[in-house]
Amino acid sequence: MESRYNPAEIEEKWQKDWAEQGLYKTSEDPSKPKFYALSMFPYPSGNLHMGHVRVYTIVDVIARIRRMQGYRVLNPMGWDAFGLPAENAAIERGIHPARWTYQNIDQMRQQLNQLGISFDWEREVTTCSPDYYRWTQWIFLQFFQAGLAYQKEATVNWDPIDQTVLANEQVDSEGRSWRSGAKVERKQLRQWFLKITDYADQLLTDLDQLSGWPEKVRLMQANWIGKSTGAQVTFTTEAGDEIIVFTTRPDTLWGATFMVLSPEHPLVEKLTTKKQAKAIKAYQEAAAAKSDIDRTAEGREKTGVWTGSYAINPVNEAKIPIWIADYVLMDYGTGAIMAVPAHDQRDFEFARRFNLPIQAVVQPAGETLDGATMTAAHPGDGVMVNSGPLDGIPAGKEKGQSVEAAIQWLEKHGKGKGTANYRLRDWLISRQRYWGTPIPIIHCPQCGAVPVPETDLPVRLPEDVEFSGRGASPLAKLASWMNVPCPTCGTAARRETDTMDTFIDSSWYFLRYPDAKNEQQVFDPEKTNRWMPVDQYVGGIEHAILHLLYSRFFTKVLRDRGLLNCDEPFQRLLTQGMVQGKTYKNPRTGKYVIPANIPDFANPTDPETGEPLEVVYEKMSKSKYNGVAPGDVVNKYGADTARMFILFKAPPEKDLEWDEADVEGQFRFLNRVWRLVTEFGDQRSGIGDEKSSALHTPHSALSKDEKDLRRAIHIAIKEVTDDLQGDYQFNTAVSELMKLSNALTDAACKNSAVYAEGIRTLLILLAPFAPHITEELWHNLGYRHSIHTQPWPAVDPEALVADEITLVIQVMGKTRGTIQVPASADKAALEQYARESEIARRHIDGKEIKKVIVVPGKLVNFVLG
């Protein structure tokens with residue numbers, strides 16, 4: 001048997017063998033329970049990074065174990081292949097985005113195979129392929145037919161570098177583009193939206209179904225949806241126009257002393273008097289140049305302009321001025337608020353700034369508030385005052401008696417109604433770029449927006465386009481593609497030139513995998529429903545809102561269209577931590593330093609300034625010079641070592657610090673396993689078939705050494721199995737494998753059938769983690785079939801029962817030694833064994849024993865007088 005562990009040789013050999021066998025082709029055997037294991041598919045950048053290695057290894061271990069446990073497992077892979085990076089690469093390199101993308105896919109597929117990931121490549125999907133985006137367009141038309149896709153004029157986030165619109169979710173807390181980092185601008189454009197707000201309540205309440213999701217992710221989604229309850233109230237302008245506002249505190253309506261509209265509100269132009277027109281126009285232009293983040297920042301000085309018009313407060317007929325201010329957003333709520341400065345700090349600051357009246361309507365206990373002398377708003381509890389029918393009713397910041405009474409009064413008098421409002425906005429999906437799914441709509445001057453007939457799908461991206469990165473989308477410049485007859489009336493019309501947000505592509509890909517080659521349907525509902533929902537989904541926390549929320553939305557819409565039986569797409573979610581690398585940073589300048597330029601790692605200094613460097617672990621990235629190429633690790637140590645390190649270093653949900661010494665530690669462990677099994681195989685030339693090493697000797701007939709080893713074997717089975725359920729504690733599972741390896745190394749019964757059972761069990765338990773070395777050793781022992789088709793070992797409860805235990809002997813709390821005693825001994829017997837032991841006699845003979853403390857199964861402590 002080969003005496004040296006050569007990972008490069010055996011890994012390539014078995015990867016080829018598994019592919020030829022079709023070992024990981026998905027079983028459709030209905031007699032087996034299903035398990036759908038899914039990792040978030042990557043953008044094909046061309047190279048795997050360590051974050052990829054971590055997520056795909058995690059899912060691979062789960063998939064391999066479930067197969068061995070008797071499940072039919074779906075573990076597919078695909079490519080989130082549309083998007084701006086490929087188009088930018090086309091501009092920079094002068095090649096077509098498709099060529100760039102497919103080159104990258106080929107390269108990354110090869111890299112994934114080198115890791116031994118057990119994907120079923122027959123179900124591969126690529127979102128930029130016409131056979132995929134045809135069905136993305138078909139799904140869009142389902143939304144359109146259901147009234148969930150529409151076009152409207154909107155103030156949008158514009159990325160001046162990538163020259164495209166961004167959804168609100170793609171703008172960070174500093175008002176910058178999530179991808180380019182550019183400061184986002186505001187523009188007025190006609191855009192396509194999906195009406196996700198129609199599903200806001202379902203998306204919120206159904207979070208309760210997701211007990212297998214991290215609480216943090218559920219909370220992030222709940223906050224993003226942002227449900228608030230209150231009342232919708234109608235104010236009327238002096239000209240008779242209605243202005244609808246939503247408020248969570250309708251009880252404070254009697255304290256509303258002015259109104260504020262968003263600068264973009266459609267009534268602003270009508271309400272603006274001639275005297276105020278110039279100031280209003282200038283303010284609108286200034287507001288349009290600011291991001292939503294800037295406009296709503298805490299502590300920012302309040303600005304605004306009076307329109308010159310008034311509205312009538314519906315509860316007391318008071319005449320109140322109508323202002324515009326940029327802190328009110330058109331796409332949140334109704335774009336209008338009633339201002340109650342006595343009880344809202346933002347309104348209070350605005351009122352003081354512009355000398356507007358302040359009327360207190362909630363009186364705190366023991367105080368008398370006067371709007372003229374107040375120094376801050378009072379948003380808290382109290383009693384209603386100056387509020388007509390509500391006077392004397394207890395009031396509170398939380399929904400209470402006064403709020404309920406106000407809603408009842410408004411509904412009774414036809415002034416408003418109780419309702420809910422959501423922070424969630426409709427999803428803006430238009431993008432003014434080429435490399436995306438074309439929106440299948442034709443604009444006809446006679447018929448309006450006409451869907452492309454399903455028989456004409458896909459609307460293919462034309463190839464003869466120019467990529468300049470400037471101005472309008474390349475599609476809008478291609479007259480031969482854009483100009484078409486209307487499908488309904490034949491009139492000269494034009495195609496929609498916007499493409500879809502790439503999050504559309506990833507919002508349904510998991511539904512295509514069960515029926516990936518279907519050319520007649522988006523998927524066969526019977527096939528997809530057999531696999532849905534996904535049993536275990538793994539991916540980054542950065543997708544907590546965008547991708548995961550959109551996928552839930554798509555699932556619910558397609559359910560309502562009769563295609564799906566499930567309410568939620570992902571039953572369990574694991575958000576893996578980041579992989580961090582050792583980083584050298586100048587704390588004064590914030591500049592990162594290339595490790596190769598550092599002369600002395602014991603005392604690292606900046607090679608340019610000589611200043612001491614800060615050494616920290618940060619997320620791996622090119623800009624920080626702290627990345628580790630997976631290919632380098634695989635070439636040096638092998639894929640199995642890379643997998644073992646990734647799994648052992650930290651629990652999957654925690655960040656992982658890359659450490660070369662720990663990588664070498666896992667390599668040494670696999671070498672120990674190699675030697676252990678090889679030495680056994682050399683002594684027991686060829687075990688034969690898969691059943692030959694099964695233990696047939698009754699447990700009671702085993703020697704003490706055999707019982708001890710068998711107990712270690714079945715403890716390992718139990719602990720590893722437990723660690724791979726629920727929260728997937730791979731790191732502790734690997735620790736248990738190391739313990740079993742040590743027990744086998746130290747065993748005194750190497751010629752026993754128990755030892756053979758231990759070797760076999762070690763290999764099977766290790767197989768999901770290190771698939772190549774275990775396959776090689778398994779076959780070296782004479783087995784004919786793949787180790788990855790073996791059943792997962794079952795625990796023998798009898799083997800876990802210890803005949804003897806180690807009892808610690810203490811005197812005055814200090815350990816003096818240990819003895820072996822029967823496991824069944826009671827407290828009295830344990831004390832007797834301890835008293836009679838040589839250890840105790842040495843320390844207590846001739847001394848007064850004041851007290852004896854017995855901890856069953858653990859220790860006996862003698863307290864001396």
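Me: Two strands pair if DSSP finds at least two bridges between them. In this predicted model, what is the order of the open sheet of four strands?
Reply: The pairing in this open sheet is mixed. Its edge strands are strand 31 (814-822) and strand 32 (849-855), each of which pairs on one side only. The order of the four strands is 31-30-33-32.

Me: In strand 31, which residue is the bridge partner of threonine 806?
Reply: Strand 30 covers residues 804-811 and pairs with strand 31 in the antiparallel sense, over eight bridges. Within strand 31, the partner of threonine 806 is glutamine 820.

Me: What angle does the direction of helix 26 make with that of strand 32?
Reply: Helix 26 (residues 827-836) packs on the sheet and touches strand 30, strand 31, strand 32 and strand 33 (859-864). Between the directions of helix 26 and strand 32 the angle is about 120°.

Me: How many residues of helix 24 are buried?
Reply: Buried means under 20% relative accessible area. Helix 24 spans residues 771-780, and its buried residues include Pro771, Ile773 and Trp778. They pack against helix 1 (7-21), helix 2 (50-68), helix 19 (639-648), helix 20 (660-683) and helix 23 (753-766). Of the ten residues in helix 24, the buried ones number eight.

Technical notes: Residues are numbered from 1 along each chain as its sequence is written. This is a predicted model: local features need pLDDT of at least 70, side-chain atom pairs count only at pLDDT 80 or more; totals for chains, interfaces and linings use all residues. Side-chain values use heavy atoms; hydrogens and water are left out. Buried means under 20% relative accessible area, exposed over 50%, partly exposed in between (1.4 Å probe, protein chains only). Helices (H or I, at least four residues) and strands (E, at least two) are DSSP runs, numbered from the N terminus. Contact means heavy atoms within 4.5 Å. Axes are lines fitted to C-alpha atoms, for helices over the stretch in contact, and angles run from 0 to 180 degrees between N-to-C directions.
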